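Let's take a friendly walk through this model, one element at a time. Keep the viewer open and follow along.

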Amino acid sequence: MQPSMNVARRLVAVLCALGTFSLASAQTRIVVNADLGKDTISRHIYGHFSEHLGHCIYGGFFVGEANSQVPHTRGIRNDVVQALKRLHIPNLRWPGGCFADTYHWKDGIGPREKRPAIVNTWWGGVTEDNSFGTHEFLDLCEQLGAEPYISGNVGSGTVQELTDWVQYVNFGGTGPMANQRKQNGRMEPWQVRYWGIGNETWGCGGNMTAEYYANIYRLYSTFVSSTWGKSPIFRIASGAGGGDYHWTEVLMRDIPHGLLEGVALHHYSANWGKKGSATRFSEAEYFDTMTRAWHMEELVKGHATIMDRYDPKKKIALVVDEWGGWYDVEPGTNPGFLFQQNTMRDAVLAGLTLNIFNNRCDRVRMANLAQTVNVLQAVVLTDEARMLTTPTYHVMEMYTPHHDAVLLPVSVNSPEYTFDGTSLPSLSVSASRDRSDAVHISLVNIDIHAPREIEVDVRGARFTSVKGRILTSAKIQDHNTFDDPEKVKPQEFKGAKVDGSRVRLEIPAGSVVVLSLK
Ligand code: AHR
């Protein structure tokens with residue numbers, strides 16, 4: 001049965017959620033241990049990624065100072081900044097991705113008319129005029145209130161080049177790099193904390209072996225040091241692609257831990273052989289995406305288990321600095337620009353993945369959705385002067401109460417979502433307690449047919465009120481367009497009732513719900 005044939009059923013479920021009528025189904029029990037919280041969900045799990053790729057930077061974030069059609073501040077779009085500020089973006093990764101290992105930062109400073117034009121060999125072979133460089137990126141981060149995460153060039157750059165970059169942005173004293181920064185108009189250093197030492201060094205970043213890269217990492221990270229700034233630096237090693245556990249093993253074994261604050265991991269929920277349309281997909285394709293999204297749980301567990309062996313005190317973070325869905329580009333767009341639409345499927349994928357990260361916040365302390373604007377699983381799409389927010393944006397916004405809140409362990413005996421003889425857990429849940437003692441529970445029902453009646457037992461806490469928000473739509477393929485930008489947006493969820501420590505709700509098929517209990 002195709003998802004589009006279930007519209008009536010899903011509409012019934014939506015009406016239930018909005019409190020219009022109720023529908024009986026078997027009850028699922030969830031236990032939230034409000035008295036057992038110990039780890040904090042770092043807000044940096046909710047980070048984003050912006051590469052010089054397609055229209056992420058140019059046209060997406062940056063329109064240039066001469067453009068009068070789109071309101072901007074020093075060339076940076078005001079509408080995009082305003083939308084992203086509502087997500088409280090904690091950090092933004094830049095300039096890549098694969099682009100990072102071809103990027104020479106000195107091309108992107110000083111008067112724009114003097115900056116050299118280069119070719120973006122990874123993404124579409126287009127001319128990169130370097131008008132968006134270090135100052136523009138750090139200005140963007142300041143406008144967003146986000147911490148910058150700079151991905152250094154190891155593949156085609158030198159140790160000296162990367163050391164110079166650190167001095168340029170972080171050193172407050174007198175020295176050749178700091179002096180150049182001042183000449184370029186910035187007196188105070190920015191104090192950039194997060195530095196990536198190469199990207200996908202097993203692939204586009206240099207096709208290295210783990211053993212070779214571990215040595216290279218030791219070299220580069222020695223010079224990317226806190227010496228040049230006031231605050232400690234956080235160095236992130238280029239990590240495994242998916243289930244390459246050997247990679248993580250070698251990095252943890254061969255790199256002295258005093259040089260290493262984070263180890264990366266990349267995982268895209270993509271069927272590389274046949275990615276398929278972002279909007280016109282079958283239930284088989286949807287189920288395949290969900291299978292790959294759930295796989296993140298196994299990957300985090302596998303890499304974290306290796307890290308635990310070498311770092312039992314969990315000092316080193318697992319940084320999932322690229323994740324998301326990856327489909328065919330929209331028809332008629334440049335294949336090198338990776339521009340794809342974003343549906344309720346992506347919202348479900350995001351809710352599920354963020355729950356996985358929250359539940360493993362003991363080790364996953366940073367992550368970056370790929371990518372922020374106009375590329376892959378974007379939260380914002382632009383078309384000249386127009387802008388829209390995607391279903392994934394709404395999930396990111398609904399999950400903001402989890403930022404820096406205390407994780408509350410959850411146990412779920414999830415019913416299964418079965419398709420063509422294969423089953424996945426249909427429910428994904430995480431919970432946290434914020435500073436005001438409010439408890440937030442995010443629930444995702446990936447099953448596009450069956451609503452679920454749920455009883456949540458919150459142990460160690462009692463409540464008198466519950467508020468909820470839901471993101472759902474009649475069809476899992478539903479998405480926002482420039483002509484209908486609010487087709488998918490959060491609504492008040494009236495389907496939950498609280499009685500002391502018990503909460504009862506019915507979650508519609510294919511939906512994301514966030515409850516706040518006081
Ligand atoms: O996000 C797109 C690309 O995917 C990045 O440039 C690269 O790191 C990954 O392979």
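## Helix 7 and helix 8

Helix 7 and helix 8 cross in the right-handed sense; a crossing is called right-handed if the near helix is turned clockwise from the far one by less than a right angle, and left-handed if anticlockwise. This is a predicted model, in which local features need pLDDT of at least 70 and side-chain atom pairs count only at pLDDT 80 or more, while totals for chains, interfaces and linings use all residues. Residues are numbered from 1 along each chain as its sequence is written, and side-chain values use heavy atoms, with hydrogens and water left out. Helices (H or I, at least four residues) and strands (E, at least two) are DSSP runs numbered from the N terminus.

Two packed helices are described by the angle between their axes and the distance between the axes. Here, the axes of helix 7 (residues 245-254) and helix 8 come within 9 Å and cross at roughly 25°. Axes are lines fitted to C-alpha atoms, for helices over the stretch in contact, and angles run from 0 to 180 degrees between N-to-C directions. Helix 7 and helix 8 are therefore roughly parallel to each other (under 35 degrees counts as roughly parallel, over 145 as roughly antiparallel, 65 to 115 as roughly perpendicular and the rest as oblique). Helix 7 brings Tyr 245, Thr 248, Glu 249, Met 252 and Arg 253 to the contact, and the residues from helix 8 include Leu 299, Gly 302, Ile 306 and Tyr 310; contact means heavy atoms within 4.5 Å. By class, this contact of helix 7 with helix 8 has six nonpolar, three polar and four charged residues. Ala, Val, Leu, Ile, Met, Phe, Trp, Tyr, Cys and Pro count as nonpolar, Asp, Glu, Lys and Arg as charged, and the others, Gly among them, as polar.

## The barrel

Now look for the closed barrel: eight strands in the order 2-5-8-9-10-11-12-13, with parallel pairing. From one strand to the next, the twist averages 30°. Two strands pair if DSSP finds at least two bridges between them. Strand 12 (residues 317-325) and strand 13 (residues 364-370) run parallel and are joined by four bridges, and Val 319 stands opposite Met 366 in strand 13.

Helix 8 (residues 283-310) lies across strand 10 (234-241), strand 11 (262-269), strand 12 and strand 13, at about 160° to strand 11.

Seven bridges pair strand 21 (residues 439-445) with strand 27 (residues 511-517) in the antiparallel sense; Leu 443 stands opposite Val 513 in strand 27.

## Helix 4 and helix 5

How do the axes of helix 4 and helix 5 cross? The axes of helix 4 (residues 159-170) and helix 5 (residues 176-183) come within 7 Å and cross at roughly 50°. Helix 4 and helix 5 are therefore oblique to each other, and their crossing is right-handed. Asp 164, Gln 167, Tyr 168 and Val 169 in helix 4 meet Met 177, Ala 178, Gln 180 and Arg 181 in helix 5. The contact of helix 4 with helix 5 divides into four nonpolar, two polar and two charged residues.

## Salt bridges

The whole structure holds 32 salt bridges, each a side-chain nitrogen of Lys or Arg within 4 Å of a carboxyl oxygen of Asp or Glu. One of them joins Glu 147 to Arg 193, with the closest N and O atoms 2.8 Å apart. This pair links distant parts of the chain, 46 residues apart: Glu 147 is in strand 8 (residues 147-152), and Arg 193 is in the loop between helix 5 and strand 9 (194-197).

## Backbone points to check

Most residues other than glycine have a negative phi, and most peptide bonds are trans. The bond from Trp 94 to Pro 95 is cis, with omega near 5°, and Pro 95 is in the loop between strand 5 (91-94) and strand 6 (118-120). The bond from Gly 96 to Gly 97 is cis, with omega near 15°.

His 88, although not a glycine, has a positive phi of about 50°. Asp 404 has a positive phi near 60° and sits in the loop between helix 10 and strand 16.
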